[in-house]
Amino acid sequence: MKHPGFWKMLTVAVFMALLGCLQAQEHQGHVSIILLGATGDLAKKYLWQGLFQLYLDEAGKGHSFSFHGSALTTTEKGQEFMAKVLESLSCPKDVAPPRCAELKDQFQQLSQYRHLKTSEDYLALNKDIEARVQREGLWEAGRIFYFSVPPFAYADIARNINSSCRPGPGAWLRVVLEKPFGHDLLSAQQLATELGSFFQEEEMYRVDHYLGKQAVAQILPFRDQNRKFLDGLWNRHYVERVEIIMKETVDAEGRTSFYEKYGVIRDVLQNHLTEILTLVAMELPHNVSSWEAVLQHKLQAFQALRGLQKGSAVLGQYQAYSEQVRRELQKPDSFHSLTPTFAGILAHMDNLRWEGVPFILMSGKALDERVGYVRILFKNGAYCAQSEKHWVTDQSQCLPRQIIFYIGHGELGSPAVLVSRNLFRPSLPSKSWKEVEGQPGLRLFGRPLSDYYVYSPVREQDAYSILISHIFHRRKGSFITTENLLASWVFWTPLLDSLVHEVPRIYPGGAENGHLLDFEFSGNQLSFSQQQLEQLVPGPGSVPKPSDFQVLRAKYRESPLISAWPEELIAKLANDIEATAVQAVRRFGKFHLALSGGSSPIDLFQQLAMGHYGFPWAHTHLWLVDERCVPLWDPESNFQGLQAHLLQHVRVPYYNIHPMPVHLHQRLCAEEDQGAQIYAEEISALVTNSSFDLVLLGMGPDGHTASLFPQSPTGLDGEQLVVLTKSPFRPYDRMSLSLPLINRARKVAVLVMGRMKREITTLVSRVGYEPKKWPISGVLPASGQLVWYMDYEAFLG
């Protein structure tokens, strides 16, 4: 009161600040949002409501809006559709009905339908937006184009936007894209290249709506806010496994045309569940609010994923599916689809944090319940001497310890984050999440809800409403970049290719599935828990089953042949290798084993790793028969396959492991680096007479073996022990043991599997010694034994 000048100055300052805020709000600019495919199911169910929610959140904060619905339907029908949809929009519960009616009316006034097809249509839209901005004395902030259309329409729309409807200088452009983003790596690359010719990366927002689900969106903030508890727990030493699950009760009826192209892996696992996996597994950036850092760490998580093999998956198909396909797609009565409607996948991360921790991804249609969740189950080494009735929930270490991000539906019916009380009391943002009491009688994963700290959203929000808000506010961490998209397809495409002809297990659907789809894992292998006897040949009468056949012994090219069904064949070969190893160690004190790369021996490696505890690994030297000229950590490296499927599971002294030196002086297979000569000298120094105790080979469909190829004389004769060769397949440059060195071995085993090998098996059985045409025909150990191991499909077709 004694300083009136001070109060006057303060009043002026506050007034100016308020005026500045008002002016800032007034001048934040006009935003045009164009919804393409505005009359489709997605738009009707989610997108218009999401746009309305954006308007509710942003109205009065400085931006002005206009909303344009577009489709290929006529203007009259489009306007009629939009009127119905806009009338059905709803407000959150905390908005009073009169205020809601007022906001709905405003939104309807700002929304209009227009036909957009030709470049002239887009040019007209552009002129209308510019005229409105000028007429109302506004300036344009930016435009959002939401592509709620099939991917085949992307290119034409993108071309029209780029040429006729881009905003002027100073205004931003954001284009929103819905999955599917291709069906394999090649198609995704083509689509990305096409879109990249029209839009910059920062302008594209690829939507995976699971990233907008509240429990999923909470994973990174939860990890960040609970670092002090999780820093020591979130790793292979404490985590037993991670489950990422999405179950549906509905089937694919009415969508079989889509499902026949994509199936459950492309529809759910390659995108939704893989994105969640990266959020759980990625290294936590220092600042989780930096979307650039988040996306970079997600990419690193993708790159750490170990390649999937055929044995990493189990597939199912509900019983009525093929009939639905025949009816909806007019297929003949004899048609039976191989498209999976259920899949379980076992994934691993090849990094120090997660090495050895199984990540289980599972999704399916026509299952017993609708539910989605992420479950991190922690190891428990505790034993409690008292009986369970004396265990105290928040103290007993014998109770299961887990963190669950409950995505929705199921027993809880809504999103939630749950933490076992014997772990820690978590911290969640109080403005958006609240702690709730456990419902009496409700159990989750075998435990009463009272065993957990349970948090649910203060206000439940639809995923699309959240993502549309993130698009508006340029929060790109909730979307999929081109780089991350392609990294995901690099991970999934080899598995999808390997499963093309795989027959899925048939299941009845719903509660009748019983335990038919239960699966279990051992090492890198996934298999159904229940064996299902399936009819091999349709028709009346008794049908032979694989178990009816014993191991068949015969001759092939004058050498012993062992033939059986794949499982029995691999078991027999593994037993024979172990017997040879034990005998060699008993006689010479060590066992020198040379192994081929490729896909054929993977099952063998896994069998040796998991089922042969008497194998003398401590006295075994492991060599490579051939190697691709790629870095040893590259997924295509034979050594990387050996490491992933065998070496990391057995205790071989590191100095007994001999990878081929294909990567020297930061170069790959450069002749001047003399990598082949170095490997030959190492063999001569360590292997008596350069005679391996056992060499395991395969046979390619063209008759090649090791990396010795038809019409290429390198390595087929002469004195070189190790050679550089050229393959007709990528990667073209290879290193290989020579045929003369292979023929010095005490024993050579040739493993041939699969129906694709039937033709070459028949051909090679008839030819003589012609290694230049069929290198495999040159395998004739000088003083050792040659044994052929063939499964029935390769041998009998």
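**Note on charged and aromatic side-chain contacts**

1. At 55% relative accessibility, Lys-726 counts as exposed; the classes are buried for under 20% relative accessible area, exposed for over 50% and partly exposed in between, with a 1.4 Å probe and protein chains only. Lys-726 forms a salt bridge with Asp-733, and the closest N and O atoms are 2.4 Å apart. A salt bridge here is a side-chain nitrogen of Lys or Arg within 4 Å of a carboxyl oxygen of Asp or Glu. Asp-733 is partly exposed, at 32% relative accessibility.

2. The model is predicted: local features need pLDDT of at least 70, side-chain atom pairs count only at pLDDT 80 or more, and totals for chains, interfaces and linings use all residues. Residues are numbered from 1 along each chain as its sequence is written, and side-chain values use heavy atoms, with hydrogens and water left out.

3. Searching the whole structure gives 30 salt bridges. One of them joins Arg-143 to Glu-140, with 2.5 Å between the closest N and O atoms. Arg-143 is buried at 0% relative accessibility, and Glu-140 is buried at 13%.

4. Another salt bridge joins Asp-350 and Arg-306 (3.0 Å, N to O). Asp-350 lies in the loop between β9 (342-347) and β10 (359-364) and Arg-306 in the loop between α12 (291-304) and β8 (313-318), so the contact ties together parts 44 residues apart in sequence. Helices (H or I, at least four residues) and strands (E, at least two) are DSSP runs numbered from the N terminus. Asp-350 is partly exposed at 35% relative accessibility, whereas Arg-306 is buried at 6%.

5. Salt bridges also link Glu-253, Glu-323, Arg-326 and Arg-327 in a network.

6. The count of aromatic pairs is 30. Rings of Phe, Tyr and Trp (its six-membered ring) pair if their centres lie within 6.5 Å; planes under 30 degrees apart are stacked, over 60 edge-to-face and the rest tilted. Tyr-556 and Trp-788 make an edge-to-face pair, 4.7 Å centre to centre with 70° between the planes. This pair links distant parts of the chain, 232 residues apart: Tyr-556 is in strand β21 (residues 552-556) and Trp-788 in strand β33 (residues 785-791). Tyr-556 is buried at 4% relative accessibility, and Trp-788 is buried at 1%.

7. Ring pairs join Trp-48, Phe-52, Tyr-55, Phe-65, Phe-67, Phe-107 and Phe-472 into a cluster.

8. Two charge-over-ring contacts follow. The charged end of Arg-746 sits over the ring of Phe-588, 4.7 Å from the ring centre, and that of Lys-213 sits over the ring of Tyr-210, at 5.2 Å. The rule requires NZ of Lys or CZ of Arg within 6 Å of the ring centre and within 35 degrees of the ring normal.
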